Amino acid sequence: MLADFLGSQWFAKATIIVVLVIVGYFMVKPIKSASHLAMRRLGMMVFIAFAAIAAVFPGLVSRIAFFFGIGRGTDFLLYGLTLVFLGSVVTSYRRDSANDKKFTHLARTIALRDVRKPEEHNPRP
């Protein structure tokens, strides 16, 4: 029954689900270091290399897709671009979240630094 549900593209579907679970995990994982920047750069370099190879050897994409159980190379590219897009959304969300925390901390620090004592605010006559 499960084989009928998954069809001939079971490996690709399983891979996509695993990647989506990993993306979801990184979406909620707290940011503790700058290692995500290195991972993002590494991922972008791999994506650019794959895009260049796909442009030079388009038949290779179809063969890779067939290896993974996907019928057409265009479907393989669509699945890959979808996962890359979701990864980009996650990294943007995490970067924005980190910046929001930094700006909030900065605003609070400035607000506390600039607090005046009541006698400084209303001088006595």
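Analyst: In this predicted model, a nonpolar core means a set of buried nonpolar residues of the listed kinds, joined through side-chain atoms within 4.5 Å.

User: Which residues make up the largest nonpolar core?

Analyst: The largest nonpolar core has six residues in all, namely Ala 12, Ala 54, Val 61, Ala 65, Ile 70 and Phe 76. Ile 70, one of these residues, touches Gln 9, Ala 12, Ala 65, Asp 75, Phe 76 and Tyr 79, when residues up to four places away in sequence are not counted.

User: Why is Ala 54 called buried?

Analyst: Buried means under 20% relative accessible area, and Ala 54 has a value of 16%, so Ala 54 is buried. Ala 54 lies in helix α3, which covers residues 35-56, and the C-alpha atom of Ala 54 is 9.3 Å from that of Leu 77, although the two are 23 residues apart in sequence.

User: Why are α4 and α5 called roughly perpendicular?

Analyst: Helix α4 (residues 58-67) and helix α5 (residues 73-113) pack at an angle of about 80°, with their axes 7 Å apart. Since angles of 65 to 115 degrees count as roughly perpendicular, α4 and α5 are therefore roughly perpendicular to each other. Val 61, Ser 62, Ile 64 and Ala 65 of α4 make this contact with Gly 73, Phe 76 and Leu 77 of α5, and by class the contact has five nonpolar, two polar and no charged residues.

User: How do you know that the reach of α5 is close to the one expected?

Analyst: From its first C-alpha to its last, α5, with 41 residues, reaches 59 Å, which is close to the 60 Å expected at 1.5 Å a residue. The buried residues of this helix are Gly 73, Asp 75, Phe 76, Leu 83, Val 90, Thr 91 and Arg 94.

User: What is the secondary structure of the chain, and how many of its residues count as buried, as a percentage?

Analyst: The chain has six helices and zero strands, and of its 125 residues, 11% count as buried. Among contacts between residues at least 6 apart in sequence, 63% join residues at least 24 apart.

Conventions. Residues numbered from 1 in each chain as written. Predicted model: local features only at pLDDT ≥ 70, side-chain atom pairs only at ≥ 80, totals over all residues. Heavy atoms only, no water. Axes fitted to C-alpha atoms, helices over the stretch in contact; angles between N-to-C directions. Helix = DSSP H or I, 4+ residues; strand = E, 2+ residues; numbered from the N terminus. Parallel < 35°, antiparallel > 145°, perpendicular 65-115°, else oblique. Contact = heavy atoms within 4.5 Å. Nonpolar A, V, L, I, M, F, W, Y, C, P; charged D, E, K, R; others polar. Expected span 1.5 Å × (residues − 1). Buried < 20%, exposed > 50% of the residue type's maximum accessible area, 1.4 Å probe, protein only.
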